Amino acid sequence: MESLSCLVFRPAASTRLFSPRIPQMAASRSAAFLSSEDYQFLRTTATLALKSTKASASTVWTTPSTTTTVASTDTACTKKVLVPIGFGTEEMEAVILVDVLRRAGAEVTVASVEPQLEIQSSGGTRLVADTAISTCSDRIFDLVALPGGMPGSARLRDCEILKKITSKQAENKRLYGGISTAPAVALLPWGLLRRKRATCHPAFFDRLPTFYAVKSNLQVSGELTTSQGPGTSFMFALALVEQLFGESVAKEIGELLFMHSDDDKPRTEEFNKVDWAVSHTPHVLVPVANGSEDTEVVTIADILRRAKVDVVVASVEKSVKVLASQGVKIIADKLIGDAAESIYDLIILPGGVAGTERLRKSRVLKKLLKEQDAAGRIYGAVCSSPTVLHKHGLLKDKKLTAHPHAITELANAVDGPKVVIDGKLITSRGFATVSDFALAIVSKFFGHARARSVAEGLVFEYPRSLKI
């Protein structure tokens with residue numbers, strides 16, 4: 001297991017299929033967030049996606065309010081996971097954990113350690129838990145995984161119910177773990193790192209017992225798994241998937257999420273280079289919808305906000321409450337109609353099958369994108385959402401990339417790089433490539449040094465030189 005940090009995942013063959021399904025938990029979680037009309041739309045879209053999958057030999061990407069599972073349903077039902085959150089929890093870590101584990105087939109419960117279900121994460125994104133931690137005290141979990149963030153880790157540490165759950169988990173030799181600040185701030189005071197090799201965020205590394213501290217991105221020590229930060233979240237989540245479901249499932253999920261290395265291809269490729277620098281704090285709009293990719297929305301917003309970009313997440317739905325692709329509940333900053341009153345230096349569209357379709361149908365967003373293009377301002381898209389730009393006529397003669405499935409609909413696609421920039425258009429393949437996408441934006445706005453500084457805080461591997 002300790003060799004996981006060195007694993008290289010390569011893309012699956014194009015004939016491999018990932019069958020989407022709507023798990024019972026996702027269905028029950030949707031009631032408070034979606035109208036019956038909207039939820040029926042998501043179910044219909046998921047069904048159509050599944051039919052399309054069976055009819056073709058292409059890889060399926062995420063469908064709305066569904067979990068693209070690799071593990072069998074019978075196996076998934078026996079794997080129950082607890083992910084606690086509190087005020088100041090790191091959103092990338094929490095959401096990536098939930099997203100990846102649900103894709104693997106785990107039944108994930110997101111529990112709030114606060115008096116209310118809604119929490120504001122460390123980067124400002126508002127998330128809504130599935131339940132209160134008090135409802136979990138008598139339940140048995142196959143895994144308890146703590147996200148980091150400050151003061152989120154301290155809020156988890158101070159929760160007596162969570163302490164008892166996690167301590168019992170360790171006593172019974174069941175899986176538990178933490179990422180970033182959680183090992184040093186929560187697991188250590190609880191006595192759950194005793195005689196265990198562990199790692200954590202570099203800024204908190206000196207708190208770990210010297211003899212057992214390990215300066216690695218990932219450390220597996222028996223039932224305990226620890227990792228360093230937001231930039232290692234996918235690695236951390238995949239290590240947990242491997243322990244729950246096996247190496248083959250972890251590899252399948254890694255391939256699905258583009259967790260692979262193309263050493264012979266550039267990380268970012270740029271055409272028709274233009275200057276993006278502005279004389280003010282960059283103002284960025286991220287429109288979201290029911291079915292948008294949760295990891296993409298949260299990662300983009302988190303990384304840009306770390307770079308001091310003004311980010312507005314706006315819902316194209318009738319409510320600011322959005323149910324993302326893997327059942328994660330996100331509360332947008334405002335509705336798209338209210339967001340449309342401002343001018344943005346950059347508009348970024350996240351992916352997700354149903355989310356992309358709902359973004360495409362938004363008249364307000366279409367108008368904003370057309371005005372963005374006409375004014376010579378920047379816009380971008382990841383995963384499946386470049387198809388929205390295509391249908392609105394905004395990709396003419398532009399080099400781009402997208403999810404492999406979506407690329408079949410697009411001309412001028414560039415094979416290889418995770419991120420493609422053409423003038424004032426930026427695109428990415430999505431999922432695990434979104435960190436590179438967001439950092440490329442930071443670099444274009446502020447320069448490579450700022451992007452590298454942000455990447456270091458994330459514990460994300462990033463080039464030292466401008467040649468990327």
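Tutor: Helix α4 is largely enclosed by the rest of the structure, because 14 of its 14 residues are buried (under 20% relative accessible area, computed with a 1.4 Å probe on protein chains only). This is a predicted model, in which local features need pLDDT of at least 70 and side-chain atom pairs count only at pLDDT 80 or more, while totals for chains, interfaces and linings use all residues. Residues are numbered from 1 along each chain as its sequence is written, and side-chain values use heavy atoms, with hydrogens and water left out.

The helix covers residues 91-104, and the distance from its first C-alpha to its last is 20 Å, close to the 20 Å expected at 1.5 Å a residue (1.5 Å times one less than the number of residues). Helices here are DSSP runs of H or I with at least four residues, and strands are runs of E with at least two, numbered from the N terminus. At the start of α4, a side-chain oxygen of Glu-90 comes to within 2.7 Å of the backbone nitrogen of Met-92. At the other end, α4 is followed by Gly-105, which has a positive phi, near 110 degrees.

The whole structure holds 3 cavities of 30 Å³ or more, where a cavity is a set of points on a 1 Å grid at which a 1.4 Å probe fits but cannot get out, and lining residues have an atom within 4 Å of a point. About 90 Å³ of space lies in the largest cavity, the volume being that filled by probe spheres set on the points. With 4 residues, α4 gives the most to the lining of this cavity, and both α4 and β6 (126-128) supply at least two residues to it. Among the lining residues are Ala-94, Val-95, Val-98 and Arg-102, and also Leu-127, Val-128, Asp-130 and Lys-329. By class, this lining has 8 nonpolar, 1 polar and 3 charged residues; Ala, Val, Leu, Ile, Met, Phe, Trp, Tyr, Cys and Pro count as nonpolar, Asp, Glu, Lys and Arg as charged, and the others, Gly among them, as polar.

Strand β8 (residues 143-146) pairs with β9 in the parallel sense over 4 bridges (pairing requires at least two DSSP bridges), and Val-144 has Tyr-176 of β9 as its bridge partner. Another 4 bridges join β9 to strand β11 (residues 224-227), again running parallel, and here Gly-177 is partnered by Thr-225 of β11.

These strands belong to an open sheet of 7 strands with mixed pairing, in the order β7-β4-β3-β8-β9-β11-β10. Its edge strands are β7 (131-132) and β10 (218-221), each of which pairs on one side only. The pairing of β10 with β11 is antiparallel, over 4 bridges, and Leu-218 has Ser-227 of β11 as its bridge partner.

Methods:
Buried < 20%, exposed > 50% of the residue type's maximum accessible area, 1.4 Å probe, protein only. Polar contact = N/O pair within 3.5 Å; in protein donor to acceptor, adjacent residues only side chain to side chain. 1 Å grid on protein atoms, 1.4 Å probe; cavity = no way out; pocket = protein on both sides within 12 Å on 5 of 7 lines; lining within 4 Å.
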